[in-house]
Amino acid sequence: MTNATTSSSIDATDLQLLALLQKDATLSNQALAELVKVSPATCHRRVKRLWDAGLIEKQVAVLSPERLAEALGWGLSVLVEITLDQQTQEALDAFEAKAVADDRVQQCWRVSPGPDFVLVIQVADMPSYQDLARQLFTEDSQVRNVRAFFAVKRAKFGTALPLPTQG
């Protein structure tokens, strides 16, 4: 089996499996097989193929930042736009490497047009954000502009990618 899985090799059953696993990755192979109406052996083989093809990257537990903040007594979500002084490949790669290495940076998007990067950051509180801002933005001579937006409410959050429906 090659690593190159094309859309023509993904059928309706594969799409059902992907949709179910996006919603609940804890479903047993037996439960998945029953839901998509295939044998457990066939289901296992298909899911393994989806993993091998790289269509499934990893399984994780998605934590609730609101509940975690309640339990720990803190929590601050920040969306940050970053514009660099120069848009050379080296400057972009260097900033990206620095941003993704920090666990407080949950997402790092290289975007265009407008800013060069959009970051999604989760920190304990404002002093923690100021520490991160100093490390990532202030001390980096390539950073020209920073616009931070502090979240007051999370209206929607999802991890599931939209999949085509078949028949």
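## Helix α2 and its surroundings

In this predicted model, helix α2 is followed by K37, a residue whose phi is positive, near 60 degrees. Within α2 itself, which spans residues 29-36, the buried residues are L32, A33 and V36. These residues lie on the same side of α2, because they cover an arc of only 100 degrees around the axis. The partners against which the buried residues of α2 pack are α1 (12-23) and α3 (40-52).

The largest nonpolar core holds 20 residues, of which I82, F95, L119, I121, Y129 and F137 touch the most other members. Two or more residues are given to this core by each of β1 (76-84), α5 (89-100), β3 (117-123) and α6 (126-138).

The surroundings of I82 can be given in detail: leaving aside neighbours within four places in sequence, I82 is in contact with F95, P115, D116, F117, L119, F137, V143, N145 and V146.

M126 belongs to helix α6 and counts as partly exposed, at 37% relative accessibility. Beyond its neighbours within four places in sequence, M126 is in contact with L76 and F150; the C-alpha atoms of M126 and L76 are separated by 7.4 Å, although these residues are 50 apart along the chain.

## Salt bridges

The whole structure contains 14 salt bridges. One of them joins the side chains of D14 and R49, with an N to O distance of 2.6 Å, and this pair links distant parts of the chain, since D14 is in helix α1 and R49 is in helix α3, 35 residues apart. Both D14 and R49 are buried.

The salt bridge between E70 and R67 has its closest N and O atoms 3.8 Å apart, and these two residues are separated by about one helical turn because they are three residues apart in helix α4. E70 is exposed, with a relative accessible area of 58%, and R67 also counts as exposed, at 57% relative accessibility.

A further salt bridge is formed by the side chains of R147 and E81 (3.6 Å, N to O); R147 lies in strand β4 (residues 143-150) and E81 in strand β1, so this pair ties together parts that are 66 residues apart in sequence. Salt bridges that share partners also join D102, R104, D131, R134 and E139 into one network.

Methods:
Residues numbered from 1 in each chain as written. Predicted model: local features only at pLDDT ≥ 70, side-chain atom pairs only at ≥ 80, totals over all residues. Heavy atoms only, no water. Buried < 20%, exposed > 50% of the residue type's maximum accessible area, 1.4 Å probe, protein only. Helix = DSSP H or I, 4+ residues; strand = E, 2+ residues; numbered from the N terminus. Arc of directions from axis to C-beta. Contact = heavy atoms within 4.5 Å. Core = buried A, V, L, I, M, F, W, Y, C linked by side-chain atoms within 4.5 Å. Salt bridge = Lys/Arg side-chain N within 4 Å of Asp/Glu carboxyl O.
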